[in-house]
Amino acid sequence: MNRHTVVRVAVGLAAALALGGCSDDDGAAEITLVAYDSFPESDTSLNDALAEFSAETGIGVELLIAGDTGTMLAKAALTAGNPEGDVMWGIDNTLLSRAIDDEIFDPYPDAAVGSLPAEFVALAGGAAVPVDYGDVCVNYDIGWFADAGLAVPTTLQQLAEPVYADLLVVENPATSSPGLAFLLATVDEFGADGWRDYWSDLATNGVQVVDGWTDAYYGSFSWAGGGDRPLVVSYGSSPPAEVIFADPPRTDAPTGVIESTCFRQIEFAGVLAGTDHPDEARRLVDYLVGETFQAELALNLFVYPANTEVALPAAFTEHAVVPDSARTLDPDVIAANRATWIDEWTTIVLG
Amino acid sequence: MDDDRPRLTIGLPRRQVALLAAGPAGALVVFYVWPFGSLIVEAIDATVIGDTLRRSATWRTAWFTFWQAVVSTLVTVLVGLAPAHVVARYRFRGRRALVGLLTAIFVLPTVVMGAAFLALLPASVDRTVWAVIGAHVVFNLAVVIRMVGAVWEHLPPDMEAAAATLGASRWRVVREVSLPLVRPAVTAAAAIVFLFTFTSFGVIRVLGAPGTRTIEVEVWRRATQLGDVGGAAVLSMLQLGFLVAVVGWSSRAQRRFSRAVDLRPAAPRRVARTGSERATVFAIAGVTAAIATAPLVALAVRSFSTPSGWSTAAWSDLGRSEVRPGIRLGIDPLAAVTNSIQTALWATAFAVVLGGLASLAIASAGRAGRVLDVGLMLPIGTSAVTIGFGMLIAFDTAPFDWRASWWLVPVGHALIAIPFVIRTTIGVLRSIDPMLGAAAATLGASPTRAWAAVVVPMLWRPLAVGAALAAAISLGEFGATSFLSRSGGATIPIAIERLLGRTGSLLQAQGYALATILAATTIVLVTAVDRVHDVVGIGTERS
């Protein structure tokens, strides 16, 4: 390498850095949908539905994956007013208040709400619209309970009884969203004071705590992971997923859901404050709650469409349990207490 | 300039050193200092700092982070030295495959390795700090073996041979001749392993008990789960301050230990001669191979196993767009493989060019070189969440609105890989005998010419090792990639996490199939780079 080579390399690098500065041409009819990481990036019927929106309206939609829901919200809060995209998909009711307080949404109260459940719509106060919902529930291994000759527990209270000792695995609410949802379910059941006693009973009864869902379901749950725990905090849609993605195929669900333990997670979409394309963004939000798009949600995200006029696919309804009255808490109450509850929970359960 | 040690006196004029340093320093400022600084300015104030530092959990976390990293590093180095020696010095069947295997492990996503470990470990060890340390050792063995091996194979074997001729036992030769000579490389490898284990994230999340958290995990938790970006940034700075102290110390130690030896472009590896030598090589390579193979076999097995028996469906369905009537996954494993390879190639190119320039500059410069050296290590020590978030607010206005640019991910990977390129090359550069430069000058070469004639040929081998590590890091990188927003283009580790994160035995098995592909891709890529490096090595030996 001689002197000229050195100069050339340095110049080349400088040029490369400078070229990076040229940004894409932003035409008016191109908007960005920011979504969490379980949103499919391409190829699915959900993506086809987005393409259909573009074909109908001439508005191109780029999908930007921003991480898990917590990460996505933290990023949006950090960039509030100068957002990464134009529309955001997937803030749930445990995070909704924070999103509204951080003013990440440009309110869109006139969104096509006619066919959306009024109680869901009310939660967001016009800042965002409900797009889907699902439940976090205790799942059980049907075969394990049959072999053990033990009755499946039906209430939260029973999980703390000695006969069910060392059978339950839960996610840490400090690091996992189903873990948090389950903690909220117990707060709903036992009240703002009673939940602490319940959890110390659970701890005495040998509840296992792991950091995340994958670890709980595939590491400790007796059905899926070869673990030794026949009770796991998972989703209401886990049994149908077990059937649909069974290998080899099967017709009956190997797992069941304990309905009284279910906590409802409702997801919202909204226009991001500071978008350069508010009109196009609103049209996309309208489309996201419309029947075409909503019909594709169940089998792609394993959630229920918020739009009540959309029918569920048979594969889904056969094995999924939609509790009549899943538990829920006011998003404001959640926002006000979540940090304290998590800290208290950590002290009680992990010592 | 401090000249208490034999600095690389085959010097370059100061202006050219500055030119060499400009690229890496510029990249560091633009892609690290600016984003991280923006985040600090945006999110931190006195209250946040006070709150975070007053919390007793902060100090408990810091202490746990420190001691588990120290223990992990010591054990990794101890375990890694013997195989490093064997791999550097001996020629035996499967040598290249062994190195490839170890690198593949270094690359595999923690979720995958965590599952393999859980499967292999007895239940009593599961989810304890010992499981964490064990995983750290197996994960980082490749760092020690490759980095120490890269220097070891450059050491002239005649010193060892001379000692042996004089009657020293093999153990004594290693202890009194070889080890002191490779000590700078050992320190460098230990520094890297310490950095990795101190900032450990995935291993802790999968194998750790909920009570045992590293600062890095706590940064992630505060920023993403509690929305406390300010507190996260304070913790991130705390982590960084600590690491700068450790790295500064190790880099000083490394300079102190480094000595000029008559490095050869490459000492030819030899076949074990005596029976006991053969047995030793066989035993060391065998045990290392067993450690490396067990988790990989566990992976492959899991891609065929389902709760209801053996099945090849995961492999035959892999990449099929419609996995069930009407259902497509939205995860294209083959596209992920392509994305990963493309990303790895770009990241490797960035890392090798910038890291190579930086090593040359660092070796020729004095104090400023040390600043650049430590500076380029900072990205490894900084939480990926804070860098990802920092880029978001730094790169938000035209013409610097790069937030969703395709090249941001490879640049992020390169930032993490550059220190590896530097660490593998700098040891070799520092050990070049200054007499060679003097000889060239005496023969009438200009300083630049002398430098080019002596230094550059020495560079290819360590650069190739650095490139292999950079490629491996990029292929397996999960943290930074998952915190940078991106459109399209999921890499293999991300696709694996997504498959394993959903219900259904088919998706699980597909995740493991994809992990097996990642391991295989790594082995092929790394072996190919090693082959190139051998070929280049032969080329320089002839010239």
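A: Asp43(A) is partly exposed, with a relative accessible area of 35%. Here buried means under 20% relative accessible area, exposed means over 50%, and partly exposed is in between, with a 1.4 Å probe and protein chains only. The model is predicted, so local features need pLDDT of at least 70 and side-chain atom pairs count only at pLDDT 80 or more, while totals for chains, interfaces and linings use all residues. Residues are numbered from 1 along each chain as its sequence is written, chains are lettered from A and ligands numbered from 1 in the order in which they are written, and side-chain values use heavy atoms, with hydrogens and water left out.

Asp43(A) sits in the loop between E1 and H2 of chain A. Helices (H or I, at least four residues) and strands (E, at least two) are DSSP runs, numbered from the N terminus. Although Asp43(A) is not a glycine, its phi is positive, at about 75 degrees. Most residues other than glycine have a negative phi. Phe302(A) is also not a glycine and has a positive phi, of about 55 degrees. Phe302(A) belongs to the loop between helix H12 (297-301) and strand E10 (304-305) of chain A. With 10% relative accessibility, Phe302(A) counts as buried.

Glu41(A) and Arg498(B) meet through their side chains in a salt bridge (4.0 Å, N to O). This pair crosses between chains: Glu41(A) is in the loop between strand E1 (30-35) and helix H2 (45-57) of chain A, and Arg498(B) is in helix H21 (residues 492-500) of chain B. A salt bridge is a side-chain nitrogen of Lys or Arg within 4 Å of a carboxyl oxygen of Asp or Glu. Glu41(A) counts as buried at 15% relative accessibility, and Arg498(B) is buried with a relative accessible area of 11%. Over all chains the count comes to 16 salt bridges.

Asp51(B) and Arg54(B) form a salt bridge, with the closest N and O atoms 3.3 Å apart. The two are separated by about one helical turn, because they are three residues apart in helix H2 (residues 46-54) of chain B. Asp51(B) counts as partly exposed at 37% relative accessibility, whereas Arg54(B) counts as exposed at 63%.

Another pair in chain B is Arg423(B) with Asp373(B), whose closest N and O atoms are 2.8 Å apart in a salt bridge. Arg423(B) lies in helix H17 (residues 408-430) and Asp373(B) in helix H15 (residues 367-381), so the pair ties together parts 50 residues apart in sequence. Arg423(B) is buried, with a relative accessible area of 5%, and Asp373(B) is buried, with 3%. Glu218(B), Arg221(B), Arg222(B) and Asp228(B) are joined into one network by salt bridges that share partners.

Returning to chain A, its secondary structure comes to 14 helices and 10 strands. Of its 351 residues, 58% count as buried. The C-alpha trace of chain A spans about 75 × 60 × 45 Å along its principal axes.

One of the strands, E8 (residues 231-235) of chain A, is mostly covered, with four of its five residues buried. Two strands pair if DSSP finds at least two bridges between them. Strand E5 (residues 129-141) of chain A runs antiparallel to E8(A) and is joined to it by five bridges. Val138(A) has Val233(A) in E8(A) as its bridge partner. Strand E6 (residues 168-171) of chain A runs parallel to E8(A), with two bridges joining them. Leu231(A) in E8(A) stands opposite Leu168(A).

On the surface, Asp101(A), Asp102(A), Glu103(A), Asp330(A) and Asp332(A) gather in a patch of negative charge. Patches are made of residues with over 30% relative accessible area and no salt bridge, with like charges joined within 9 Å and nonpolar side chains (Val, Leu, Ile, Met, Phe, Trp, Tyr) within 5 Å. Asp and Glu count as negative, Lys and Arg as positive, and His and the chain ends are not counted. Asp332(A) is part of helix H14 (residues 331-350) of chain A and is exposed, with a relative accessible area of 51%.

Note on methods. Areas by Shrake-Rupley, 256 points an atom, 1.4 Å probe, with all protein chains shown as cover. Charge placed at Lys NZ, Arg CZ, Asp CG, Glu CD.
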